[in-house]
Amino acid sequence: MSVLSVKNLIYGYSKGTPFEKGALKGVSVDFEKGEIVALIGHTGSGKSTLLQHLNGLLKPDSGEILFEGESIHKSKETLRKCRFNVGLCFQYPEQQLFDSTVYKDVAFGPGNMGLSAEEIDKRVRSSVAYVGLSEDYLEKSPFDLSGGEKRRVAIAGVLSMEPKVLILDDSVSAVDTKTEKVILENLAKARNGKTTILIAHRITTIEKMDKIIFVDDGKILAVGSHEQLLECSPEYRTTVELQKLDEQKEV
Ligand code: ADP
C-alpha cells in the first residue's frame, strides 16, 4: 500500500470570484514508503498547491487524498493522524519560526507530542545536526539568523517530529547548493522508511531522486526516474537542458 495516494484532485483558488484560478486539474499520483520524490515544473504549475493538500492544509474541491489507505478528510481523527504523520515545511521559514531560541523552536513539535525531556533533547540535537548547523546555534534567536539558516532551523523543527512523510515546500532548493547537498545526503542516509517529497530545481538534485513528478499547468505531465523521463518525455529533456545552461551561468 502506498503511504500517500492522491486521486483525481481538483482545486481552484478564489472560487466564485472574477479571480477564480484552476490550480489542480485532475491530479492522481502515489507516494511509496521510503522514497525520495521531487516535484518539478514551472512557477505557477501547481506544485505547492499539491503539497499543501498532502497534509490536509488545503481541502480539495473534489478528489481524495489517502494516508495509509484512509481518506484524510473522512473524519477529524483521520485528519489529525495525517497532520501528525505528514510534516510540512513551508516555503517561507518566517511563517514557521516563532520561539526565542533555536533550541526552543525545534523542541516545540516534539514537546507537543508529550515526549520525555531526554527524548526531546536528543531529537533537537540530531535534527539541528542533520541540517548542518553546529550546537552553537541552539541558544541563538532564530530571528537573528540569515535567510538560509532560518530555512535550516525550520526544516529541523519538522524533522524533530520524526514524521513518516516529510514535505519540503521549496525550502531546500532555496538554501545554497552546499547546504542542499548536506541536507539531502543526511535525509538519504537516515531515510529508514521515511518518505520525503520536495520541490527541486537543480539538476544535480533532481537526477538523484527515486521518483520525479513533472507538474505542468495543474496536471501531471510525467512520472518516473531521471533516466526514465529522459527517455520518454521530450518536455523533461528540454527542461533538463535549459536548467543545465542556467546552472552553468551560476558557476
Ligand atoms: P508552483 O508551486 O508550481 O509555483 P502554485 O501551486 O503556487 O504553483 O500555484 C498554482 C497556481 O495557483 C498559480 O497560477 C498561482 O498563481 C495560483 N495561486 C497559488 N496560490 C494562490 C493563492 N493563495 N490565491 C490565488 N491564486 C493562487
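## Contacts along the chain

Among the contacts in the protein chain that have a separation of 6 or more, 65% are made by residues 24 or more positions apart. The model described here is a predicted one, and its protein chain holds nine helices together with ten strands.

## Overall form

With a radius of gyration of 18 Å, close to the 18 Å that the globule rule gives for 251 residues, the protein chain is as compact as a globular protein of that length.

## Surface and charge

Of the 251 residues in the protein chain, 50% are buried, while the accessible surface comes to about 12400 Å², with 51% of that area belonging to carbon and sulfur atoms.

The protein chain carries 33 positive side chains and 37 negative ones, and the centres of these two sets lie 3 Å apart.

## Cysteines

A disulfide is a covalent bond between the sulfur atoms of two cysteines. Counted as pairs of cysteine sulfur atoms within 2.5 Å, the disulfides in this model come to zero. C82, for its part, is in no disulfide, and the nearest cysteine sulfur, which belongs to C89, is 16 Å away.

Methods:
Residues are numbered from 1 along each chain as its sequence is written. This is a predicted model: local features need pLDDT of at least 70, side-chain atom pairs count only at pLDDT 80 or more; totals for chains, interfaces and linings use all residues. Side-chain values use heavy atoms; hydrogens and water are left out. Helices (H or I, at least four residues) and strands (E, at least two) are DSSP runs, numbered from the N terminus. The radius of gyration is taken over C-alpha atoms; the globule rule is 2.2 Å times the number of residues to the power 0.38. Buried means under 20% relative accessible area, exposed over 50%, partly exposed in between (1.4 Å probe, protein chains only). Contact means heavy atoms within 4.5 Å. Accessible areas come from the Shrake-Rupley method with a 1.4 Å probe; for residues, only the protein chains shown count as cover. Lys and Arg count as positive and Asp and Glu as negative; His and the chain ends are not counted. The place of a charge is taken as NZ of Lys, CZ of Arg, CG of Asp or CD of Glu.
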